[in-house]
Amino acid sequence: QVHLVESGGGSVQAGGSLRLSCAASEYTYTYKTYTMSWFRQAPGNEREGVAGIYKDGLTDYAETAKGRFTISKDTLKDTLYLQMNNLKPEDTGTYYCAAGPAEVGWWDIGGYPYWGQGTQVTVSS
């Protein structure tokens, strides 16, 4: 299976920026053939999709993330990124990266067999 490890979370003030990374256990392969996405979950809330990127590089975002977040991947390093700018308190939560078959929709939580353990993002007012 694919082993995913997130990093880059932290605590920032509203308006600040963070860049999250998700490294895979295998390189030069995984991120070329899988749909990859970022999800987040705030305490007491359901996990929700934030951004996704397909194997061909096409991307999509939740409405709340558009214009502020950018998802990208480095296929040579098998690393997924989420650049988050102009962070808001409502962005607070645990962020997870996920990998699924190439045909899975980025938003489809149930379609992802591989998940990282998460990295915490806290945005203060």
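This is a predicted model: local features need pLDDT of at least 70, side-chain atom pairs count only at pLDDT 80 or more; totals for chains, interfaces and linings use all residues.
Trainee: Which residue in β8 is the bridge partner of S21?

Mentor: Strands β3 (residues 18-24) and β8 (residues 79-84) run antiparallel. They are joined by 6 bridges. For S21, the partner in β8 is Y81.

Trainee: Which element gives the most to the largest nonpolar core?

Mentor: That core has 27 residues, and L4, W38, L82, M84 and Y95 have the most contacts inside it. Elements giving two or more residues include β4 (35-41), β5 (48-53) and β9 (93-100). With 4 residues, the top contributor is β3.

Trainee: What kind of pair do the rings of F39 and Y112 form?

Mentor: F39 is in strand β4 and Y112 in the loop between β9 and β10 (114-115), 73 residues apart. Both F39 and Y112 are buried. Their ring centres lie 5.5 Å apart with the planes at 75°. Planes over 60 degrees apart count as edge-to-face, so the pair is edge-to-face.

Trainee: And what kind of pair do F39 and W115 form?

Mentor: The centres are 5.0 Å apart and the planes stand at 50°. That angle makes the pair tilted.

Trainee: Is W115 buried, partly exposed or exposed?

Mentor: Buried means under 20% relative accessible area, and exposed over 50%. W115 has 25%, so W115 is partly exposed.

Trainee: At what distance from the ring centre of W115 does R47 lie?

Mentor: R47 lies over the face of Y96, at 3.8 Å from that ring centre. R47 also lies over the face of W115, where the distance is 5.0 Å.

How values were computed:
Residues are numbered from 1 along each chain as its sequence is written. Side-chain values use heavy atoms; hydrogens and water are left out. Two strands pair if DSSP finds at least two bridges between them. A nonpolar core is a set of buried Ala, Val, Leu, Ile, Met, Phe, Trp, Tyr and Cys residues joined through side-chain atoms within 4.5 Å. Buried means under 20% relative accessible area, exposed over 50%, partly exposed in between (1.4 Å probe, protein chains only). Rings of Phe, Tyr and Trp (its six-membered ring) pair if their centres lie within 6.5 Å; planes under 30 degrees apart count as stacked, over 60 as edge-to-face and the rest as tilted. A charge sits over a ring if NZ of Lys or CZ of Arg is within 6 Å of the ring centre and within 35 degrees of the ring normal.
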